[in-house]
Amino acid sequence: MDEKNDILLRQFFSEAAQQTIDDNGFTERVMSQLPVRNMQWFTRIWTAGCILIAGILFYVFHGFELLLVQMEVFLRTTLAEPPQVNPLMVVFALFSLLMIGIYEVISYQRAVK
C-alpha cells in the first residue's frame, strides 16, 4: 500500500511541476529584483580564518603538551584502577545501536524504492 501511495505522489508532483501559471511575467520581474546572494567566497574565507585562529591558539596554549599530559594521566589512572562498567549501561548502549541500525536499514530501503 505504501508503494502505491509513493507512486501516486510522484506522479502527482511530476505533473504539478510541469504546470505553469500565466502571471504576465510577474515571477520573472520579482526574481530579477532580488539581490544576488553569492556568499560562497565569504564562507570559505570565514572557515579558513577560523581554522587558522584555532591552529594559532592551539600552538600558543601548548595544545600538544596538554594532550600528551592528559593521555598520560588517563593511561596511568586506567592501568592502576580499571574503570567500573555498569552492565545496564552496556545493554542500553547496544540496544540504542541496534535501534539506530534498524532505522538506517528501513530508511535505506525506502530510499531505494
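**Group meeting: helices, loops and rings in a predicted model**

Over the protein, the mean pLDDT is 87, and 98% of the residues reach 70 or more.

Two remarks on conventions. Residues are numbered from 1 along each chain as its sequence is written, and side-chain values use heavy atoms, without hydrogens and water. Because the model is predicted, local features need pLDDT of at least 70 and side-chain atom pairs count only at pLDDT 80 or more, while totals for chains, interfaces and linings use all residues.

I turn to the surface, where Leu-52, Ile-53, Ile-56, Leu-57, Tyr-59, Val-60 and Phe-61 form a nonpolar patch with about 780 Å² of accessible area together. Such a patch takes residues with over 30% relative accessible area and no salt bridge, joining nonpolar side chains (Val, Leu, Ile, Met, Phe, Trp, Tyr) within 5 Å, and like charges within 9 Å; the areas come from the Shrake-Rupley method with a 1.4 Å probe, with only the protein chains shown as cover for residues, and a salt bridge is a side-chain nitrogen of Lys or Arg within 4 Å of a carboxyl oxygen of Asp or Glu. One member, Tyr-59, sits in helix H3 (residues 40-60) and is exposed, at 66% relative accessible area, where exposed means over 50%, buried under 20% and partly exposed in between (1.4 Å probe, protein chains only).

Next, the loops. His-62, in the loop between H3 and H4, has a positive phi of about 55° although it is not a glycine, and is partly exposed at 46%. Asn-24, in the loop between H1 and helix H2 (26-33), likewise has a positive phi, near 55°, but counts as exposed at 63%.

Finally, the rings: the whole structure holds 4 aromatic pairs, meaning Phe, Tyr or Trp rings (the six-membered one for Trp) with centres within 6.5 Å, called stacked under 30 degrees between planes, edge-to-face over 60 and tilted otherwise. Among them, Phe-58 and Phe-64 are edge-to-face, 4.9 Å centre to centre with 85° between the planes; Phe-58 is partly exposed at 33%, whereas Phe-64 is exposed at 60%.

Conventions: Helix = DSSP H or I, 4+ residues; strand = E, 2+ residues; numbered from the N terminus. pLDDT = per-residue confidence, 0-100.
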